[in-house]
Amino acid sequence: MFVIGSGAKHLEEEILRRASTVATEIKKFPDGEKYVRILEKGKEATVIQSMYRPQDEHLIEAILLGDALREAGFEKLKIVVPYIAYSRQDRVTKEGEPISIRAVMRMLSLYYDELYVFDIHNPRTLEFFPGKAVNIYPAEAIANYFKEKLGEGIILAPDKGALERARAVADALNLEYSYFEKKRISPTEVQMTPVDVEVKDKNVLIVDDIISTGGTMVKAANILRELGAREVFVVATHGVFAEGAIERVSEVVSELAVTNTIPTPVSKISIVPDIIKATGERA
Ligand code: R5P
């Protein structure tokens, strides 16, 4: 049975079509503190809680839900965190800093036996979670969404670090894939060139984990246009859009889509089938 946190409300309708949920009461006290209550009994449950803005509130709610479920007698608890906050703070860059994602995982491990995340920034950080920790990349969902639009197109990663994502989507579609090589040509300018692929007159899908300001995607899309690509599509797992980013990217591409790890106006690809498959929860 799933327990839907307020950071996963947007997934609830689709979850309910395929699985059952535990009734809860989640609200705020007048002073802003969270209140949660589990209204059913059981032995096993899977909490779903995405940690987009307000990140800290969603995190605390996940902890309170874990405590309430243990108090109600649940013995085995899993948590699915479609977008896990603090994942980019995965190392100390200046003396005195925390490894924030480690702190988040330690907190979650106080209550949860298993952790499922989507396309985490640095998969190695899953080692900070002491129990079973799974990183899901929704390659098939992305591939299915773009299959018809792309035709015999190419999948490109905006940098070498994202190549595995491009490969996973390309494998699902049986298409060619590559990445942009980045070369610094001045302190303020980085040149991006697609490696070993001919994009002229081809449809191209650029695949990344996060779109924030949209700068990376805009730059990559403009280069592809200059090189004569036909249609340029962009997709990311997490739409962490800064102000104006959706418009900036949409202006220069044929279509922008992200998954619904975070609810946004362009969250067109659902991760719910992957959640059900990975956790084994059924109606
Ligand atoms: C970088 O490590 C990430 O994979 C993304 O490429 C980056 O976060 C995108 O940021 P922006 O949309 O601001 O260019």
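Predicted model: local features only at pLDDT ≥ 70, side-chain atom pairs only at ≥ 80, totals over all residues.
A strand, here, is a DSSP run marked E of at least two residues, and strands are numbered from the N terminus.

Let's start with the ligand. Where does it sit? The ligand is in the largest pocket. Which residues surround it? They are H121, D208, D209, I210, I211, S212, T213, G214, G215 and T216. Call that the shell.

The largest share is from β11, with four residues. Sorted by class, the shell holds six polar, two charged and two nonpolar residues.

Look at S212. One of its polar backbone atoms is 2.8 Å from a ligand oxygen. Move on to T213. Here a polar side-chain atom is 2.5 Å from an oxygen of the ligand. Then T216. Its side chain also has a polar atom 2.5 Å from a ligand oxygen. How much of the ligand is covered? On its own, the ligand has 380 Å² of accessible area, and the protein covers 74% of that.

Last stop: helix α8, residues 272-279. Which residues are buried there? V272, D274, I275, I276 and T279 are. An α-helix has 3.6 residues a turn, so residues three or four places apart point the same way. With that in mind, find V272, I275, I276 and T279 in the structure, which are among the buried residues of α8. Now step just past the helix. G280 takes a positive phi of about 75 degrees.

Notes
Residues numbered from 1 in each chain as written. Heavy atoms only, no water. Near = heavy atom within 4 Å. Polar contact = N/O pair within 3.5 Å; in protein donor to acceptor, adjacent residues only side chain to side chain. Areas by Shrake-Rupley, 256 points an atom, 1.4 Å probe, with all protein chains shown as cover. 1 Å grid on protein atoms, 1.4 Å probe; cavity = no way out; pocket = protein on both sides within 12 Å on 5 of 7 lines; lining within 4 Å. Sits in = over half its atoms within 2 Å of the grid points. Nonpolar A, V, L, I, M, F, W, Y, C, P; charged D, E, K, R; others polar. Buried < 20%, exposed > 50% of the residue type's maximum accessible area, 1.4 Å probe, protein only.
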